[in-house]
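Here's a quick tour for anyone meeting this structure for the first time. Take a look at the sequence and the model, then read on.

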Amino acid sequence: MTTISQSPAQPSTPNLWGGLVRWIGIWAHAVVAYWERRAAIKALLERNDRELRDIGIVRSQIEAAVGGVFNPEMGRMR
């Protein structure tokens with residue numbers, strides 16, 4: 001004897017609203033991260049060469065340092 005049970009079917013297409021909300025969240029996070037990087041670059045550009053040398057970078061390395069090229073942990077948001 002065979003028993004066949006039926007369970008509620010899951011929709012085959014993802015929820016449109018869930019995807020939209022997720023996309024908006026990703027976009028908002030990217031915009032905030034961009035603003036924070038630009039603010040950090042601006043703050044470092046306001047420093048003189050001696051102050052930059054004290055923290056271990058030169059003026060031409062500011063954008064790379066903020067982006068985390070020298071230390072990948074520096075570029076990550078927590």
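A residue counts as buried under 20% relative accessible area, as exposed over 50%, and as partly exposed in between. Asp49, with a relative accessible area of 46%, is therefore partly exposed. Keep that scale in mind, and remember that this is a predicted model.

**The overall picture**

Let's start with the fold. The protein chain has 3 helices and 0 strands, and the pattern along the sequence reads α-α-α. Of the 78 residues in the protein chain, 12% are buried. Among contacts between residues at least 6 apart in sequence, 26% join residues at least 24 apart.

Confidence is highest in H2, at 94, and lowest in H3, at a mean of 91.

**The inside**

Which residues make up the largest nonpolar core? There are 7 of them: Ile41, Leu44, Leu52, Ile57, Ile62, Ala65 and Val66. H1 and H3 each bring at least two residues to this core, and H3 gives the most, with 3 residues.

**The outside**

Trp17, Leu20, Trp23, Ile24 and Trp27 form a nonpolar patch on the surface, and together they have about 630 Å² of accessible area. One of them, Trp23, sits in helix H1, which covers residues 16–45. Is Trp23 buried or exposed? Its relative accessible area is 54%, so Trp23 is exposed.

**A salt bridge**

Now back to Asp49. The count of salt bridges comes to 1, and in it the side chains of Arg59 and Asp49 meet at 3.1 Å, N to O. The two partners are 10 residues apart and link distant parts of the chain: Asp49 belongs to helix H2 (49–54), while Arg59 is in the loop between helix H2 and helix H3 (62–67). Arg59 has a relative accessible area of 34%, so Arg59 is partly exposed.

Here are the accessibility values for the residues just discussed:

| Residue | Relative accessible area | Class |
|---|---|---|
| Trp23 | 54% | exposed |
| Asp49 | 46% | partly exposed |
| Arg59 | 34% | partly exposed |

Methods
Residues numbered from 1 in each chain as written. Predicted model: local features only at pLDDT ≥ 70, side-chain atom pairs only at ≥ 80, totals over all residues. Heavy atoms only, no water. Patch = residues over 30% accessible without salt bridge, like charges linked within 9 Å, V, L, I, M, F, W, Y side chains within 5 Å. Areas by Shrake-Rupley, 256 points an atom, 1.4 Å probe, with all protein chains shown as cover. Salt bridge = Lys/Arg side-chain N within 4 Å of Asp/Glu carboxyl O. Helix = DSSP H or I, 4+ residues; strand = E, 2+ residues; numbered from the N terminus. Buried < 20%, exposed > 50% of the residue type's maximum accessible area, 1.4 Å probe, protein only. Contact = heavy atoms within 4.5 Å. pLDDT = per-residue confidence, 0-100. Core = buried A, V, L, I, M, F, W, Y, C linked by side-chain atoms within 4.5 Å.
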